[in-house]
Each structure stands twice: as structure tokens, then as C-alpha cells.
Amino acid sequence: MAEQATPTTGREWQLAARPQGWPTPADFTLVEAPVQQPGPGQILVRNAFLSVDPYMRGRMNDVKSYVPPFAIGAAMDGGAVGYVIASEAEGFEVGDAVLHGLGWREYATVDAARTVKVDPQLAPLSFYLGVLGMPGLTAYAGLLDVASFKEGDTVFVSGAAGAVGSLVGQIARLKGAKRVIGSAGSADKVARLVEDYGFDAAFNYKDGPVLAQLAEAAPDGIDVYFDNVGGDHLEAAISLLNVNGRATLCGAIAQYNETNPPVGPRNLALVIGKRLRLQGMLVGDHAARQQQFVAEMAGWLRDGTLTYDETVVEGVENTADAFIGLLRGANTGKMVVKL
Ligand code: NDP
């Protein structure tokens, strides 16, 4: 059954040009496009929150990867949550809240089978794009499974004030880390890590060499490194990882906009003598953890032991700016766009 009047057009973002280096607003266009009415098995969703995520930068390049590149002149996509406003799918009613993959637009016509119903009574809708969604699962599985975290480990996480990093540090603390260290790109973020997220030490990587700052923060070395950044952070972590240390290679944001990426860690040979394990991860491989992850995260949110921040940009017309801002560090916690 459809709501009385469903929209016939809506705004969507298209990629106008492939960014060379840093993206600029001119690489994106906001267009008014027809809204397709749902066919059998489909629902029409009014998006309430759009996700902007660092991996989208990779999709702006014309290269083969684990997700296909965005096409020039076509609607972009990504995580979104919203409300069903028309349904041709059994089990989906007008007013239901759903998580789906057709973001970067106001209205989405999606196959109901490719959506997940979410409960806005349990948690604010936007949380399903962050702490209870993809970044949350990345942090949880990336720390506990990929890095084989164990109680008593000293953990270092880069990008520590962001969506994934802020959760990695807090999960490590809640699971009994000996010491949790984070790096971030401003004095305010560093203060937030220590004062509100319970990190034992934190530093601003813009203040000086990462290696020297990390060595000071981790006098006994580190057992686990959760890498969101790559580059000098990864090199410093390899130097300071203890014997049998483990690193989750989750992201390398320091090089996403570089046209001449730096040559990889110069100290890689240390991996041999210290018997280190550096393990790449993709969150999509960890769906089996979903139920346990949501139950545990929701519990920590409820009892207040986990702090979760969002940076909310208002208006679909500001989505490209929100994305560019994310790459520049304008966010603390998860960057989302509220429509
Ligand atoms: P964040 O919320 O952490 O936002 C990105 C942050 O990166 C910015 O806020 C900025 O913070 C920081 N940053 C930007 N440039 C640099 C730089 N040159 N050096 C150090 N930090 C920088 O994003 P997410 O939490 O969503 O993602 C974090 C990482 O995890 C990304 O690398 C992403 O690609 C990766 N990821 C990987 C997944 C996987 O399955 N492998 C899944 C999800 C995310 P600051 O102010 O501190 O510089």
C-alpha cells in the first residue's frame, strides 16, 4: 500500500569526474532525477540518514577492487537508513525503518530482500550506520578476531577519534587491555580520547614524528596495532610491536588521496625476527559475528560504558562536502548526513 502521494522526483548525487588527488566539490553533481515506483518485491524508502565513508574514495577511481567503481554520470550509492513510504514487498509496511545500500539520494527504490529492517526504538536510526552497523562490526571483528586481541594486550589504534577507531579503543578497554593508545589529528580529538573514551594515552600525529610519540606513549611496546591510516603510522607500529605482535590492516587513509603513494614500511624485515602477523581485513567477511556484536555493543551503549559520537551534517545538498570533510578530519566519531 502506498502513502497518499509518493514523490515523482528526488535529488541524487552523481559522480561528475574522477578526482585526481583530493576530491573537490566540482567532482560531484546533485541532480533532480525521476523516482521509480516500486515493482514486485520492492519498497520505496525516504532516506533519513546517509553514510559517507572513506572506502568511497577508492570507488571514485576507475580501478578493479572489492567494490565496483562509481560510474561517471550515474547515481552514487552507499549505506543509508530511512523509512518505507511505499511497499510492494510482503512483510514490509509503510513506516518501517530499513538499512540499505542506496544512499547519496533522497529516495531509494530497493529490492526488499537487499534491505535489513532496523528498530528506531532500540537505538537512534543513524546508529545503524555506525556503532551498530558496518564501522562497529569492523572495529569489533577487526580487534577480537583479526588481531586475536587478548586480555592484557597493549593496543595502539590510529584514526582513533573516527568511527572505527573510537570503537576499537573502547572495545579494547572493555575487554581488559593493559594499555590503550590512540592517535588523531587535533588537540581536541586527543583530549576526547583520554577524557571521554578512556584511552590511557593519545597523541596528535601532526605534532611530530609518529615513531617518537608512540615510543613515549608505549614504553613497553605494543602487542596489537589496529591500522586505519598506513604510511608512517604502520612503520612506527612495526618498530614498536612486541614479539608475536599482531596488526589488523583495516585502512590506509593517509594515501587515499596521494597521487604518488609512499614506498611501503621501510622496516618490514622486523616482521621476521619479531614473528609479527600483519593481517588485512574486509568487514564483509565477518557477518557471522553480527548477532553477537550487536548484542554486546547495544549492551555497552545501554549501560553507558561505551561513548559514541556522531558528526551530523544537515541536508542532502551537503553530502559531497560531508564526504570531503571526512577525508580532512572534520568528524569526531561517525560522519553522517541527516536529510
Ligand atoms: P573515520 O571516521 O576514522 O574518518 C576518517 C578519519 O581519517 C578522519 O576523521 C581523519 O581524522 C583521519 N585521517 C584523514 N587523513 C589522515 C592522514 N593522512 N593520517 C591520519 N589520519 C587521517 O573513518 P572510518 O572510521 O569510517 O574508517 C577508518 C578507516 O577504516 C579508513 O581507513 C577506512 O577506509 C577503513 N575501513 C575499512 C573497512 C574494512 O572492511 N577494511 C571497513 C570500514 C572502514 P584525523 O583528524 O585524526 O586526521
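Guide: In this predicted model, Q121 is located in the loop that runs between strand 7 (116–118) and helix 2 (134–146). Its relative accessible area is 73%, so Q121 is exposed. Between the C-alpha atoms of Q121 and P19 there is a separation of 40 Å, although the two residues are 102 residues apart along the chain.

T115 has a relative accessible area of 9%; the limit for a buried residue is under 20%, so T115 counts as buried. The side chain of T115 reaches the backbone oxygen of A112, at 2.8 Å. Leaving aside residues up to four places away in sequence, T115 touches I43, F92, V98, L99, H100 and V110.

D96 pairs with K117, and their closest N and O atoms are 3.3 Å apart. D96 lies in the loop between strand 4 (80–87) and strand 5 (97–100), while K117 lies in strand 7, so the bridge ties together parts that are 21 residues apart in sequence. The two partners may also be described by their accessibility. D96 is buried, with a relative accessible area of 19%, whereas K117 is partly exposed at 44%. As a general point, side chains of opposite charge can pair when their charged atoms come close.

A search of the whole structure finds twelve salt bridges. One of them joins R11 to E317, with 3.7 Å between the closest N and O atoms. Because R11 belongs to strand 1 and E317 to the loop between strand 14 and helix 9, this pair ties together parts that are 306 residues apart in sequence. Both partners are partly exposed: R11 has a relative accessible area of 29%, and E317 has one of 40%.

Another salt bridge is formed by D309 and R192, whose side chains meet at 2.6 Å, N to O. D309 counts as buried at 14% relative accessibility, while R192 is partly exposed at 25%. Elsewhere, salt bridges that share partners join R11, E106 and E317 into one network.

The wider arrangement of the chain comes next. The protein chain is divided into domain 1 (9–130 + 309–338) and domain 2 (134–284). To the contact between them, domain 1 contributes 17 residues and domain 2 contributes 14 residues. The C-alpha centres of the two domains lie 29 Å apart. The size of an interface is often given as the accessible area lost when the parts come together. For domain 1 and domain 2, the buried area is about 1300 Å², and carbon and sulfur atoms give 55% of that area. On the side of domain 1, the residues that lose the most area to domain 2 are G130, D309 and T332, which together account for 27% of what that side buries.

Polar and charged groups are also present at this interface. One salt bridge is found across the interface of domain 1 and domain 2, together with seven residue pairs in polar contact. The residues of domain 1 that touch domain 2 comprise seven nonpolar, six polar and four charged.

Eight of the ten residues of helix 9 (residues 319–328) are buried, so the helix is largely enclosed by the rest of the structure. Those buried residues are T319, A320, A322, F323, I324, G325, L326 and L327. Their covering includes strand 1 (9–15), strand 2 (28–34), strand 3 (42–51), helix 1 (55–59), strand 14 (310–314) and strand 15 (334–338). Helix 9 is followed by G329, which has a positive phi, near 90°.

Notes: Residues numbered from 1 in each chain as written. Predicted model: local features only at pLDDT ≥ 70, side-chain atom pairs only at ≥ 80, totals over all residues. Heavy atoms only, no water. Buried < 20%, exposed > 50% of the residue type's maximum accessible area, 1.4 Å probe, protein only. Helix = DSSP H or I, 4+ residues; strand = E, 2+ residues; numbered from the N terminus. Contact = heavy atoms within 4.5 Å. Domains from an automatic or database assignment. Buried area = accessible area lost by both parts, 1.4 Å probe. Salt bridge = Lys/Arg side-chain N within 4 Å of Asp/Glu carboxyl O. Polar contact = N/O pair within 3.5 Å; in protein donor to acceptor, adjacent residues only side chain to side chain. Nonpolar A, V, L, I, M, F, W, Y, C, P; charged D, E, K, R; others polar.
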